[in-house]
Amino acid sequence: MTTHSEPAPRLTPDKHDHTDRRVTLRGPADLADALPYLLGYRPDDSVVLIGLHGPHSRIGGRVRIGIPEDAADWPETARELAACLAEGGAGHGPGPDAAVVYLCRDPAPGQTAVQVRDRLAPLAGQLRTACGSRDLPVVEALCLSGGRWWSYCCPDPECCGTEGTELPGGTSPMAAAATYAGLRVRGSLQELERRLDPLDGPAAARQAHAFETVARGLVPRILDERRDADAVRTGTLHLAGELIARFRHACADRPETGSADRAADARDDALLTSEEAATLVIGLQDRLARDRAAEWMEGPDAPAALRLWRALARRCVGPWAGHAAAVLTLAGWVSWSTGDHTAARVALGRAVRADPEYVFGRLLLQAVREGLDAEPLRRCMRRERASRAVDRNP
């Protein structure tokens, strides 16, 4: 089972603004409306546990996982999630004192939201029991489905009503605080994942053919450490620089307008030929080339680099899917470096799924999940770049 454990959100709008900005959530309606802002995206088909700390129930870490389809798996899922929430803060301060449970699933075709609520009720009970066994009382357990919410904890059947309560739609104190702080909800989790899905249809066939053609000429040169490997690495970085300049020009003309902008992704795809994509993806399998490509991480190059790495991830089709780990890791790194932790978790999670042994991706994903600062790694990359510049200009 793969869980996503995350630190608490920060709602300070500016690093120089030290005003106390505590947000009070008053009841289940505010809790339901706050969830997308706590995660940075709208969870779909998800179990989410949120830890609460201290006498004022300060919001802490969060754990998310997809809802298992087989109800027989729910008891074990509940135990593992409760353990993850209780133990996730080890080494980072005291654990939570209580928990909030969310079950998020929209109705399937032919199904009603009420049926979703009833179907998931046993899972809510198992989560409450599992958390209770960890001395984490569940103060609220909510079902979010079809734009409405229900409380599994409310003892009054007349309170929520059979049809539930409509979600407030961004009117909670958390929504207001998040807006002030500049935090955005980046679409649904499925939409964020979909941006990284491989191409299909004729475009995928063209890309697979390009990979086969390019690989026949490029892979033997990469493996020839004595003669051609350095030349391939230099060519890879030169091509990456040219494409980032191309994407930077496109970014200036047509900046992205949303977290799941399919039109922007289609325009980015059109900026790459199949041969360019294959050449760069294969070249970035070299660790040194990848590390130097990671230096396009900040300033005006960062948005263009991010869009390029995402576009390359979409080109990793069919038997070349495992090659996506490098470009997905670069996409996750740029997202983390520029402060978009939500997109970073999505891209790095995909990188690790593409290649579970891809060490750089695994290390970055762990760092993002633990809420670490990207600046020490940025400083290291800046020093490496400066050192190379000195070597070239004695």
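S57 counts as partly exposed at 39% relative accessibility, where partly exposed sits between buried (under 20% relative accessible area) and exposed (over 50%), using a 1.4 Å probe and protein chains only. This is a predicted model, so to speak: local features need pLDDT of at least 70, side-chain atom pairs count only at pLDDT 80 or more, and totals for chains, interfaces and linings use all residues. Residues are numbered from 1 along each chain as its sequence is written, and side-chain values use heavy atoms, with hydrogens and water left out.

**Positive phi in loops**

- Most residues other than glycine have a negative phi.
- S57 isn't a glycine, yet its phi is positive, about 55°.
- You'll find S57 in the loop between strand 2 and strand 3 (58–66); strands (E, at least two residues) and helices (H or I, at least four) are DSSP runs numbered from the N terminus.
- D45, also not a glycine, has a positive phi near 55°.
- D45 sits in the loop that links helix 1 (28–39) to strand 2 (46–53), and at 25% relative accessibility D45 is partly exposed.

**Nonpolar cores**

- The largest nonpolar core has 79 residues, and Y102, L280, L308, W309, L312 and W333 touch the most other members.
- Helix 13 (residues 324–337) gives this core its largest share, ten residues.
- Apart from it lies another core of 28 residues, including V47, L103, L123 and L136.
- A nonpolar core here means buried Ala, Val, Leu, Ile, Met, Phe, Trp, Tyr and Cys residues joined through side-chain atoms within 4.5 Å.

**Around L280**

- Setting aside neighbours within four places in sequence, L280 is in contact with T236, L239, A240, L243, L308, W309 and L312, contact being heavy atoms within 4.5 Å.
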